[in-house]
Amino acid sequence: MDLGGHRFFTKNAEVNALWNEIMPIQGAPSLEDKKLGIEKPDVITYVPTSNMRARRRGYDQAELIARRVSEIANIPLVRALDKIRNTPKQSKLSASERHGNVLGAYDLTDKAFDLYGKRILLIDDVITTGATMSEAAKTLREVKPSAIIGAAVAKTGKFHKKRLKLKQQ
């Protein structure tokens, strides 16, 4: 997979093929869909991995995806979240353990406070139960954006839309 100058490979050839089809996003669904009530986001941010994992890999995959979407869509990218504690890998945990694992794992960066009233596109690499995306969105709601739209490149069979809580409350 080409992530704007970075190569990203998975063990799954089907995922690699899909990525090559949707990036660079010309064939992907629009970031704005009036029929669904989605307006074009004002800003893009992402669910960060821990600094430890990013150093070990040499990159943060969600950041690379968000950076590429930002470039193609011409929407500013802002690092609005920091992961403030290392957590066990979500993939090793049950659905109920995942929610507890990420509880309080994110904090706002100084740049996040400029997002008041903005429509935010929150990007992650994979969504399974929605626990990580929900916790990141909960943290972002502290700056009172007008909307948070969650997006991921892939989802697993364990994903439950009912559990994903991105809407303003």
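At what angle do helix α4 and helix α5 pack, and how far apart are their axes? Keep that in mind while we walk through the model.

**Before you click**

This is a predicted model, where local features need pLDDT of at least 70, side-chain atom pairs count only at pLDDT 80 or more, and totals for chains, interfaces and linings use all residues. Residues are numbered from 1 along each chain as its sequence is written, and side-chain values use heavy atoms, with hydrogens and water left out.

**Stop 1: the whole chain**

Show the chain as a cartoon. You'll find 5 helices and 5 strands; helices (H or I, at least four residues) and strands (E, at least two) are DSSP runs, numbered from the N terminus. Trace the sequence and the order reads α-β-α-α-β-α-β-β-α-β.

Of the 169 residues, 41% are buried, meaning under 20% relative accessible area, while exposed is over 50% and partly exposed lies in between. As for contacts (heavy atoms within 4.5 Å), take those between residues at least 6 apart in sequence: 73% of them join residues at least 24 apart.

**Stop 2: α4 and α5**

Select residues 95–102 for α4 and 131–140 for α5. Here's the answer to the opening question: these helices pack at an angle of about 30°, with their axes 9 Å apart. The axes are lines fitted to C-alpha atoms over the stretch in contact, and angles run from 0 to 180 degrees between N-to-C directions. That's why α4 and α5 count as roughly parallel, a label for angles under 35 degrees.

Next, show side chains. On the α4 side, pick Arg98, His99 and Val102; on the α5 side, Ala131, Thr132 and Glu135 make the contact. By type, they split into 2 nonpolar, 2 polar and 2 charged. Ala, Val, Leu, Ile, Met, Phe, Trp, Tyr, Cys and Pro count as nonpolar, Asp, Glu, Lys and Arg as charged, and the others, Gly among them, as polar.

**Stop 3**

Most residues other than glycine have a negative phi. So which way does Asn74 go, positive or negative? Its phi is positive, near 55°. Select Asn74 in the loop between α3 (61–73) and β2 (81–83); at 68% relative accessibility, Asn74 is exposed.

Finally, jump to Lys144, in the loop between α5 and β5 (147–155). Lys144 also has a positive phi near 55°, and at 52% relative accessibility Lys144 counts as exposed.

Conventions: Buried means under 20% relative accessible area, exposed over 50%, partly exposed in between (1.4 Å probe, protein chains only). Angles under 35 degrees count as roughly parallel, over 145 as roughly antiparallel, 65 to 115 as roughly perpendicular and the rest as oblique.
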